[in-house]
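Subject: Structure for your files, with notes

Hello,

Please find the structure below. My notes on what was found in it follow.

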Amino acid sequence: MKVVFHLGAHSTDEDRIVGALSSNDRLLESHRIAVPAPRSYRMVLRDALVSLKGGPAPQDVQDAIIEASTEAPVLDRLVFSHAFFLCIPERVITKRGFYAMAPGKLAPLANLFPDAETEFHLALINPASLIPQLVARLPKRSYEQIMEGHDPRELRWEPLIRQMVEAAGGRRFVIWCNEDLPLIWPEVLRSVGGLPEDQALKGDMMVLRQIMPEEGIERLRSYFDANPPKSVLHRRKIVAAFLDKYAQPEALEIEAPLPGWTDELVDEITAQYDADVAAIARMPGVEFIAP
């Protein structure tokens, strides 16, 4: 059995992957794939991780997790998805740094099913987008409390992912950028779900529906019906053209003024993020989904 942990990051998914894959329940069943709702296993996983203290789960614990997650009699792939696997939002930034707890979470997660083939999947997000969303998500904490004394330019993905890849111990580690989702969403779904590239799926338009009006979605569907894409790259070119025409800029903007933030600072954070992403895409041990 393959066990997949979709790890977030925060503010990148909000259960969209689970929702889209779950809408294909009969297809998943035919492939012996289970994508349970996070509420069904959240407490069971938490309790197991606490009691095991990172050690391998005995069979009765594995059976309890599966029983809480699915009624499928036989499984080839079990998908868990939750940003809190890495940490709660309050601990994304700590005195130790950015997602400092994350590398230490991978081995205990893999040990929940020690004999299974484990995969990790993770979406990156520009800290210039993540920090304002954390501030909005944690209204009882000030910006200064959330940042724990760190300059926002210190929140780097590249060194963190190096540590996480090492902690993954050679297990499959798939990474993509949240900002690229409108172009790569179908590939992300199939990667997490373990489905063929050419497998038809409900939910392929989910992300586009959030940033395009219904008129644009219907025109895109009609175009695909009349001109089926010849490849993934061909589909992305078509989608990019429709986004240029129909994307609603307000759906992509994050308004959250922060103390001391300027356009220049945002540009600096973004440039550092872009450099980190380029390094991560070349990193050994990373399977990167690029647009």
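**Sheet**

In strand 3, Phe80 is the bridge partner of Phe5. The model is a predicted one, so local features need pLDDT of at least 70 and side-chain atom pairs count only at pLDDT 80 or more, whereas totals for chains, interfaces and linings use all residues. Residues are numbered from 1 along each chain as its sequence is written, and side-chain values use heavy atoms, with hydrogens and water left out.

Strands (E, at least two residues) and helices (H or I, at least four) are DSSP runs, numbered from the N terminus. Two strands pair if DSSP finds at least two bridges between them.

Six strands make up an open sheet with parallel pairing, in the order 2-3-1-6-7-8. At its edges are strand 2 (33-34) and strand 8 (287-289), each of which pairs on one side only. The pairings listed for this sheet are as follows:

- Strand 2 with strand 3 (residues 77-81): parallel, two bridges. Ala34 stands opposite Leu78 of strand 3.
- Strand 1 with strand 3: parallel, five bridges.
- Strand 1 with strand 6: parallel, five bridges. His6 is opposite His121 of strand 6.
- Strand 6 with strand 7: parallel, six bridges. His121 is opposite Val174 of strand 7.

Burial is stated by relative accessible area: buried means under 20%, exposed over 50%, and partly exposed in between (1.4 Å probe, protein chains only). Strand 3 is mostly covered, with five of its five residues buried.

Contact here means heavy atoms within 4.5 Å. Ser69 lies in helix 4 (residues 59-69) and is buried, at a relative accessible area of 10%. Leaving aside neighbours within four places in sequence, Ser69 is in contact with Pro36, Ser40, Tyr41, Leu78 and Phe80.

Arg32 sits in the loop between helix 2 (25-30) and strand 2. With a relative accessible area of 38%, Arg32 is partly exposed. Its contacts, again leaving aside neighbours within four places in sequence, are Val74, Leu75, Asp76 and Arg77. The C-alpha atoms of Arg32 and Asp63 are separated by 17 Å, and these residues are 31 residues apart along the chain.

**Helix 8 and helix 14**

Two packed helices are described by the angle between their axes and the distance between the axes. Axes are lines fitted to C-alpha atoms, for helices over the stretch in contact, and angles run from 0 to 180 degrees between N-to-C directions. The axes of helix 8 (residues 157-168) and helix 14 (residues 263-281) come within 8 Å and cross at roughly 30 degrees. Helix 8 and helix 14 are therefore roughly parallel to each other (angles under 35 degrees count as roughly parallel, over 145 as roughly antiparallel, 65 to 115 as roughly perpendicular and the rest as oblique).

Trp157, Glu158 and Ile161 of helix 8 make the contact with Tyr273, Asp276, Ala279 and Ile280 of helix 14. By class, the contact has five nonpolar, no polar and two charged residues. Ala, Val, Leu, Ile, Met, Phe, Trp, Tyr, Cys and Pro count as nonpolar, Asp, Glu, Lys and Arg as charged, and the others, Gly among them, as polar.

Tyr273, in helix 14, counts as buried at 5% relative accessibility. Beyond its neighbours within four places in sequence, Tyr273 is in contact with Leu124, Ile125, Asn126, Pro127, Trp157, Cys177 and Glu179.

**Nonpolar cores**

A nonpolar core is a set of buried Ala, Val, Leu, Ile, Met, Phe, Trp, Tyr and Cys residues joined through side-chain atoms within 4.5 Å. The largest one has 62 residues, of which Tyr99, Trp157 and Ile161 touch the most other members. Helix 8 gives the most to this core, with six residues. Not counting residues up to four places away in sequence, Ile161 touches Leu122, Leu124, Ile175, Ile280, Met283 and Val286. Another core, of 23 residues, lies apart from the largest one; among its members are Ile33, Val188, Val192 and Leu201.

Regards
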